[in-house]
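Q: I am new to this structure. Can you take me through the terms and the values behind them?

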Amino acid sequence: MTDPSSLPPLPTGPGEPLARAEIVLTGVSLLLGIVLLVGLALAFS
Amino acid sequence: MTRRYWKPEDQAALILGLGLVALALPAAWGVDLLGWGASAQVWMDPAKWAKPVGGYAALAPWQSLLFTWLAWTFVSWVAIRLSRGALGLRGLLSLWVLLAIVLVCWVAGHQAFLAATAKDRKALGLSFSLGLTGEAGYLVALALGLIVGNFFPAIAARFSDILRADLWIKPAIVLVGGAVGVKALEQQALAQTVLVRALAAIVEAYLIYWALVYLLSRVVFRFGKEWAAPLASGISICGVSAAIATGAAIRARPMVAVVVSSMVVVFSVFELVLLPWLAYTLMPHEPMVAAAWMGLAVKTDGAAIAAGAVAESLYDPGKGSLMVGTTTTIKVFIDLFIGVWCLVLALVWERYFPEERTIAEGESGKVRWLEIWERFPKFLLGYFFAFALMVVLGLTMPERMKGFKLVADELDLWRKLFFAAAFFCLGVGANFRVLIAAGLGRLTLVYMVSIFGMIIWIALGISWIFFHGVPATMQAGLVPVEAKQ
């Protein structure tokens with residue numbers, strides 16, 4: 001089992017590319033956040 | 001091979017966390033079973049370092065600490081028995097010593113020069129303090145752990161069989177659920193206008209912050225997923241609890257969450273000093289924007305509420321001020337989302353990124369939903385159960401709200417002690433020289449860029465949208481929701 005006190009590698013090179021799931025997760029999160037922000041801002045204005 | 005859908009560590013976390021909730025609950029009906037627990041206080045006079053959290057005022061601080069120490073040893077022994085089997089006499093004695101060390105660290109972290117914020121200084125007769133809040137206890141525990149681990153390896157070896165951070169982290173997250181449930185209910189008394197705006201503000205702040213910080217960490221600073229997710233939660237949500245819960249949900253190594261949490265605590269000092277003053281300078285006629293801004297931008301509960309109080313003293317809106325209540329509400333509501341977001345992350349990670357764990361444990365094969373359930377960090381269910389239980393009880397028995405608040409305080413006390421123990425354990429096992437040599441600078445940079453380059457400005461914009469022009473006092477025209485008690 002991985003030593004819990006160890007650290008995962010810190011970035012030294014180009015880094016791993018974003019996976020599709022990460023793009024979807026952050027994309028949906030951002031989109032939802034912005035849509036809600038605009039919608040609620042209009043509702044409260 | 002028989003599948004184990006409930007891992008022993010998850011079972012132990014649920015039994016320990018929910019067991020403490022069950023023991024704390026009777027306090028709401030006047031049967032205070034855990035009220036003797038030592039609640040550390042910010043202190044100058046060593047005689048005032050702690051006081052009983054509940055109705056045991058006759059207990060001296062040392063007696064309260066002694067009871068806490070003994071009870072903690074017992075519950076830890078139970079947790080170790082459940083998760084790993086027998087613990088010999090030597091192990092029990094090691095546990096006793098370890099917990100004593102953690103308690104001393106926790107109390108030491110509340111020393112006024114370390115912990116007192118600007119609003120506490122006058123009462124304590126101080127002209128200067130670091131303002132780290134009581135959460136400095138985590139840093140003291142981590143620092144002592146690092147010293148022991150790096151300079152006294154023989155001593156560390158004696159504790160090796162009980163130095164397990166996950167033993168503390170998982171039940172602590174269950175306790176967060178119970179305490180947050182009560183704190184959310186407490187905010188019902190705030191004016192409804194403010195409450196609705198606070199909820200509206202945090203939903204999109206949360207969604208926007210997290211995604212941006214995650215992308216910044218991954219794409220610009222090239223951190224791996226194991227770093228980026230706890231960093232995004234720690235920086236964008238509410239610091240220590242969020243980083244630790246996220247780390248556990250995606251099965252990151254606990255040291256990641258500890259490093260992130262330590263940075264959160266240190267940087268919150270700068271925010272606490274800078275933001276109230278900046279708010280007053282930039283918008284002297286918008287106290288509610290300032291109050292919301294403190295809640296959305298300052299990490300750690302203690303620092304955020306302290307920042308709200310400092311802002312309130314600068315604006316001085318008068319009797320019936322809603323400023324600190326607004327900051328607190330926003331901070332509490334943000335905390336509510338820890339569990340929801342960790343649930344989402346746990347599902348995504350188990351479904352799409354099982355490889356780290358697969359490599360670590362030598363397993364292979366497709367990831368099916370049944371396996372996702374098998375791997376799912378089930379202590380999160382304890383978080384939701386404790387949260388739902390407290391909300392349902394609070395809503396059905398509003399006349400008991402004062403008692404439920406005591407329950408929350410008692411759960412919070414144990415949560416903080418568990419976190420402190422996790423920090424110490426990880427400090428002992430960590431070689432910080434590796435981290436410093438490899439990239440602490442880059443971690444610091446991503447934190448600074450995220451907070452000072454993005455989050456505080458997005459938070460200011462959102463606070464402005466929802467709170468500009470909102471009166472800062474009850475008397476100024478807001479209709480308060482009828483208090484439940």
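A: Residues are numbered from 1 along each chain as its sequence is written, while chains are lettered from A and ligands numbered from 1 in the order in which they are written.

Q: What makes up the secondary structure of chain B?
A: Helices are DSSP runs of H or I with at least four residues, strands are runs of E with at least two, and both are numbered from the N terminus. Chain B comes to 21 helices and two strands. Chain A has one helix and zero strands.

Q: Why is helix α11 of chain B called largely enclosed?
A: A residue is buried if 20 or more other C-beta atoms, placed from the backbone, lie within 10 Å of its own; it is exposed at 12 or fewer and partly exposed in between. Ten of the ten residues of α11 (residues 240-249) are buried, so the rest of the structure largely encloses this helix. Among them are Val240(B), Ile244(B) and Thr246(B). Arg251(B) follows α11(B), with a positive phi near 60°.

Q: What share of each chain is buried?
A: In chain B, 56% of the 485 residues are buried. In chain A, 22% of the 45 residues are.

Q: What makes Leu274(B) the site of a kink?
A: The bend at a residue is the angle between axes fitted to the seven residues ending there and the seven starting there. At Leu274(B) in α12(B) the kink is about 30°, shortly before the proline Pro276(B).

Q: Which residues does Ala420(B) contact, beyond its neighbours within four places in sequence?
A: Contact means C-beta atoms, placed from the backbone, within 7 Å. Ala420(B) has such contacts with residues including Val102(B), Trp106(B) and Tyr138(B).

Q: How do you know how confident the predictor is in chain B?
A: pLDDT gives its confidence in each residue, from 0 to 100. Chain B averages 82, and 88% of the residues score at least 70. Over residues 357-366 of chain B the pLDDT is below 50. Where pLDDT is low, the predicted coordinates should not be read in detail.

Technical notes: This is a predicted model: local features need pLDDT of at least 70, side-chain atom pairs count only at pLDDT 80 or more; totals for chains, interfaces and linings use all residues. Two residues are in contact if their C-beta atoms, placed from the backbone, lie within 7 Å.
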